[in-house]
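Visitor: Please show me the model, and let us then go through it question by question.

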Number of protein chains: 2
Amino acid sequence: MATKIINGKEVAFHLREELKRKVYELKAKKGITPGLVTILVGDDPASQIYVKNKKKACEKIGIYSEICQLDASTVEGELLERIRRFNNNPQVHGILVQLPLPKHISAEKIIEAISPQKDVDGFHPFNVGKLLVKKTMAEILKSEIFIPCTPYGIIELLNFSGIQMKGAEAVIVGRSNIVGKPLAYLLLAEDATVTICHSQTKNLAEITKRADILVAALGKPEIITGKMVKEGAVVIDVGMNRLAVGLVGDVNFNSVIEKVRAITPVPGGVGPMTITMLLLNTVKAAKWSAGL
Amino acid sequence: MATKIINGKEVAFHLREELKRKVYELKAKKGITPGLVTILVGDDPASQIYVKNKKKACEKIGIYSEICQLDASTVEGELLERIRRFNNNPQVHGILVQLPLPKHISAEKIIEAISPQKDVDGFHPFNVGKLLVKKTMAEILKSEIFIPCTPYGIIELLNFSGIQMKGAEAVIVGRSNIVGKPLAYLLLAEDATVTICHSQTKNLAEITKRADILVAALGKPEIITGKMVKEGAVVIDVGMNRLAVGLVGDVNFNSVIEKVRAITPVPGGVGPMTITMLLLNTVKAAKWSAGL
């Protein structure tokens, strides 16, 4: 049986086409243009690329997008004041603060200052908590809560690829607030049995080998090798490690490919989905703000 | 090696003595009497017992406690108005709404109406989310966030019993919002490798057998038997099933006892800890409200 390469670009393209139609409809029928503000503090080159890519992706499907570029020396109070103004601006439906922030600013405080109704990243504690207590994916999708983009994108990739989550053993390597933890409760809502591993896990290979669905999200280049993967597993590689040779995932693709049923490549797997889900969340924000 | 019976009553007694001293000090030095309001809607007999037990436990250590008993026919708006008044009352440091509520009242809406600063049950989405994003237990304890009582009590029991969580394989059976899910992220903050099982888990026995620490929180009498437990494991039984024979846990104690290193009995294990942590949270609420 040939291994399926899960094509994130293709799924993302399909979803973005659908979103483009929705944005067009919102404008034509309701006079609403979804709007996203991205706040960037400082001039980290990687962050600047991310922010520009988000803006481009917005514009391609008709979302109004604005980059609020602030100096690295901006004080916390100034940033809070900017957020307050965007919170009160009805043209702005989504607010995203590009992380990491300079060390003199508390990311926690900043995230909590964003109105939960405009928190398209899904990082506000209120949204995190609302999501966690939902019992099923159907309940989550019915509610007006933002799902964090990367885990949401992974669930969509699995769905599009026809991979059964219910009853599957899912093992997540990595417990970040952006991927590992929220993905754990999304997979739980999909009725998977979920294990979370991390740097303190003993016998990692033994545990990853149990996985029907293995998610690598540790940020260490090619650490997951063929020996650590069960025959016929589905492997989702969230890693984005920029090495001299180029962009590399957390999975050693070549040693794993022969054993698995399906795998996401890097690049072209999870990556394109993350921005797509941000677009989706922004469109949702615009709809919800209008009571639609 | 003899199996250790983890004595929840003893640990609870020790903690309550400590709390009694703290309450005395708060009164003597700061003139603050911690106050807890428990709201009970309707006349469910089990709920009435729980509420009375909480009141008694409060009084024993010097916490002021009030039961707000409302008729089963109370409408949602009336309950919301009561909560608003308790939110604004500076003598009230903790507000607890006894669940379940009558069906015509949305528990979600009611929990969200409680001020997060008075949410001593730790069920408000804001508190749930704040807790989830913390990385270590030290970070959690340093922050002003309420930890849900039953999972908090379990962590304390493990600590008091000298059971190493770091690097241990912890398996939780049950994914409730009151026990399973919050316990998963507390154990994660303690550096355990955590697996969550539930009704849709396949080969449950195979998974429970991997556990160094096994937590049974499904609410099904004696479903965990000796065959499902690893030699030398630590077993925490959260079950409280009222049968004709009396109170019975989720673990079949007699078939498990010979195999395990330590186990909590029912009654006298997790039960006494839950109320104790509620008392602790109420004292914390009083201290935090005074900026202490």
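Visitor: How many bridges join strand β6 of chain A to β6(B), and do they run parallel or antiparallel?
Guide: This is a predicted model, in which local features need pLDDT of at least 70 and side-chain atom pairs count only at pLDDT 80 or more, while totals for chains, interfaces and linings use all residues. Residues are numbered from 1 along each chain as its sequence is written, and chains are lettered from A and ligands numbered from 1 in the order in which they are written. Helices (H or I, at least four residues) and strands (E, at least two) are DSSP runs numbered from the N terminus, and two strands pair if DSSP finds at least two bridges between them. A:Thr195 stands opposite B:Thr195 in β6(B), and the bridges that join β6 (residues 193-197) of chain A to β6(B) number three, the two strands being antiparallel.

Visitor: Which strands are the edge strands of the open sheet?
Guide: The sheet has twelve strands with mixed pairing, in the order β1(A)-β11(A)-β8(A)-β7(A)-β5(A)-β6(A)-β6(B)-β5(B)-β7(B)-β8(B)-β11(B)-β1(B). Each edge strand pairs on one side only, and these strands are β1 (4-5) of chain A and β1 (4-5) of chain B.

Visitor: In β11(A), which residue is the bridge partner of A:Val235?
Guide: Strand β8 (residues 234-237) of chain A pairs with strand β11 (residues 262-263) of chain A in the parallel sense, over two bridges. Within β11(A), the partner of A:Val235 is A:Ile263.

Visitor: Which element gives the largest share of the side of chain B that touches chain A?
Guide: Counting two residues as in contact if their C-beta atoms, placed from the backbone, lie within 7 Å, the contact takes 25 residues from chain B and 25 residues from chain A. The same surface serves both copies, since 100% of the contact residues of chain B recur in chain A. On the side of chain B, the elements that give two or more residues are α5 (125-132), α8 (180-189) and β6 (193-197). The largest share, seven residues, comes from α5(B).

Visitor: Is α8(B) largely enclosed or open, and which residues of α8(B) are buried?
Guide: A residue is buried if 20 or more other C-beta atoms, placed from the backbone, lie within 10 Å of its own, exposed if 12 or fewer, and partly exposed in between. Ten of the ten residues of α8(B) are buried, so this helix is largely enclosed by the rest of the structure. The buried residues are B:Gly180, B:Lys181, B:Pro182, B:Leu183, B:Ala184, B:Tyr185, B:Leu186, B:Leu187, B:Leu188 and B:Ala189.

Visitor: What is the handedness of the β-α-β crossover from β2(B) to β3(B)?
Guide: Six of the seven residues of β2 (residues 35-41) of chain B are buried, so the strand is largely enclosed by the rest of the structure. Seven bridges join β2(B) to the parallel strand β3 (residues 64-70) of chain B, where B:Ile39 stands opposite B:Cys68. A crossover is right-handed if, with the strands pointing away from the viewer, the path from the first strand over the helix to the second runs clockwise. Here the chain passes through helix α2 (residues 45-60) of chain B, and the crossover is right-handed.

Visitor: Is B:Glu222 buried or exposed?
Guide: B:Glu222 lies in the loop between β7 (213-216) and β8 (234-237) of chain B, and its phi is positive, near 50°. With 20 other C-beta atoms within 10 Å, B:Glu222 is buried.
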